[in-house]
Amino acid sequence: MSDNKKIIDFDEKKLKYENVFSIPIVQYQTTNTEEMNKELKEIILKKEKEIPTTSKSNQGGWQSEGDFFRWEGESIEKLYNLFLKLIESSTKKLEFVQTIPMDFHIYGWANVNRNGHSNIAHIHPMSTWSGTYYVDAGDELDENKCGLFEAFSPNLPHLTAFFPGLLPGEHLIKPKTGLMNLFPSYLRHGVRTYYGDSPRICVAINANMKIKAP
């Protein structure tokens, strides 16, 4: 290199780095919910015996209609309020909604999965947030058998174009009793096969956002 050519410095402190188009996935581990879970479990297992299952994403197992929060029981009201708080708190983390008054309409359904049951990958169209509460996660199993919740990246081209094979295409969550899980309804997700002997019982929800009238 000749003496009259200057070396151009690179200062990392001037680097502006942003992760854009991020996907919020929220987890909240509840506490002191043992009595609520006990009552919910009794209600759901009783309904399972009385009402035929619906067939949507569930591969085996039992799933109620979307009228769960119209069932009777103090525990159901408590769970509704927990979901409402989770949704409101999570929504506040989204900066663009800080000044927009809004309400959420929540509806839910109960699920019971047993050995060999799963949920195929799907989305929840026409909703804003979707989520799950694990009333009873069932048996404690290793991650190959415990029926992991699986969320898939909606940015499919990145799997083959941007560091192929190095960046994950899915996000996995291990179910735990009392765990709440919240995510955008457009996010494709499913549940891997559960191999426990005890039933896994959960409540799933959709929440629709409505702008409040001025």
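C146 is buried (under 20% relative accessible area, where over 50% is exposed and anything in between is partly exposed, with a 1.4 Å probe and protein chains only), at 1% relative accessibility. The model is predicted, so local features need pLDDT of at least 70 and side-chain atom pairs count only at pLDDT 80 or more, while totals for chains, interfaces and linings use all residues. Residues are numbered from 1 along each chain as its sequence is written, and side-chain values use heavy atoms, with hydrogens and water left out.

**Cysteines**

- A disulfide is a pair of cysteine sulfur atoms within 2.5 Å, and the count by this rule is zero.
- C146 takes part in no disulfide, and the nearest cysteine sulfur, which belongs to C202, is 13 Å away.
- C202 is likewise in no disulfide, with the sulfur of C146 as its nearest cysteine sulfur at 13 Å.
- C202 counts as buried, at 12% relative accessibility.

**Salt bridges**

- A salt bridge is a side-chain nitrogen of Lys or Arg within 4 Å of a carboxyl oxygen of Asp or Glu, and the structure holds seven of them.
- Helices (H or I, at least four residues) and strands (E, at least two) are DSSP runs, numbered from the N terminus.
- One of the salt bridges joins the side chains of D136 and K41, at 3.0 Å from N to O.
- D136 is in strand 6 (residues 129–136) and K41 is in helix 1 (residues 34–50), so this pair ties together parts that are 95 residues apart in sequence.
- D136 is buried, with a relative accessible area of 18%, whereas K41 counts as partly exposed at 30% relative accessibility.
- Another salt bridge is formed by D103 and K212, whose closest N and O atoms are 3.7 Å apart.
- D103 belongs to strand 4 (residues 102–113) and K212 to the segment after strand 11, so the pair ties together parts 109 residues apart in sequence.
- D103 is partly exposed, with a relative accessible area of 40%, and K212 counts as partly exposed at 41% relative accessibility.
- The side chains of E150 and R192 also meet in a salt bridge, at 2.9 Å from N to O.
- This pair links distant parts of the chain, with E150 in strand 7 (residues 149–152) and R192 in strand 10 (residues 189–194), 42 residues apart.
- E150 counts as buried at 12% relative accessibility, while R192 is partly exposed, with a relative accessible area of 33%.

- N208 is part of strand 11 (residues 200–211) and counts as buried, at 17% relative accessibility.
- A polar contact is a pair of N or O atoms within 3.5 Å; within protein, one must be able to donate a hydrogen and the other to accept it, and residues adjacent in sequence count only if both atoms are side-chain atoms.
- The side chains of N208 and S127 make such a polar contact, at 3.1 Å.
- Contact means heavy atoms within 4.5 Å, and N208 is in contact with D103, F104, H105, Y107, M126, S127 and T128, leaving aside its neighbours within four places in sequence.

**L148 and its surroundings**

- L148 sits in the loop between strand 6 and strand 7 and is buried, with a relative accessible area of 3%.
- Not counting residues up to four places away in sequence, L148 touches E143, L172, I173, K174, P175, G190, V191 and R192.
- The C-alpha atoms of L148 and P175 are separated by 6.5 Å, and the two residues are 27 residues apart along the chain.

**D67**

- D67 is in the loop between strand 3 (62–63) and helix 2 (74–92) and counts as partly exposed, at 24% relative accessibility.
- The C-alpha atoms of D67 and R188 are separated by 23 Å, and these residues are 121 residues apart along the chain.

**Surface patch**

- Patches are made of residues with over 30% relative accessible area and no salt bridge; like charges are joined within 9 Å, and nonpolar side chains (Val, Leu, Ile, Met, Phe, Trp, Tyr) within 5 Å.
- Accessible areas come from the Shrake-Rupley method with a 1.4 Å probe, and for residues only the protein chains shown count as cover.
- F162, F163, L166 and L167 form a nonpolar patch on the surface, with about 440 Å² of accessible area together.
- L167 lies in the loop between helix 3 (158–161) and strand 8 (170–173) and is partly exposed, with a relative accessible area of 37%.
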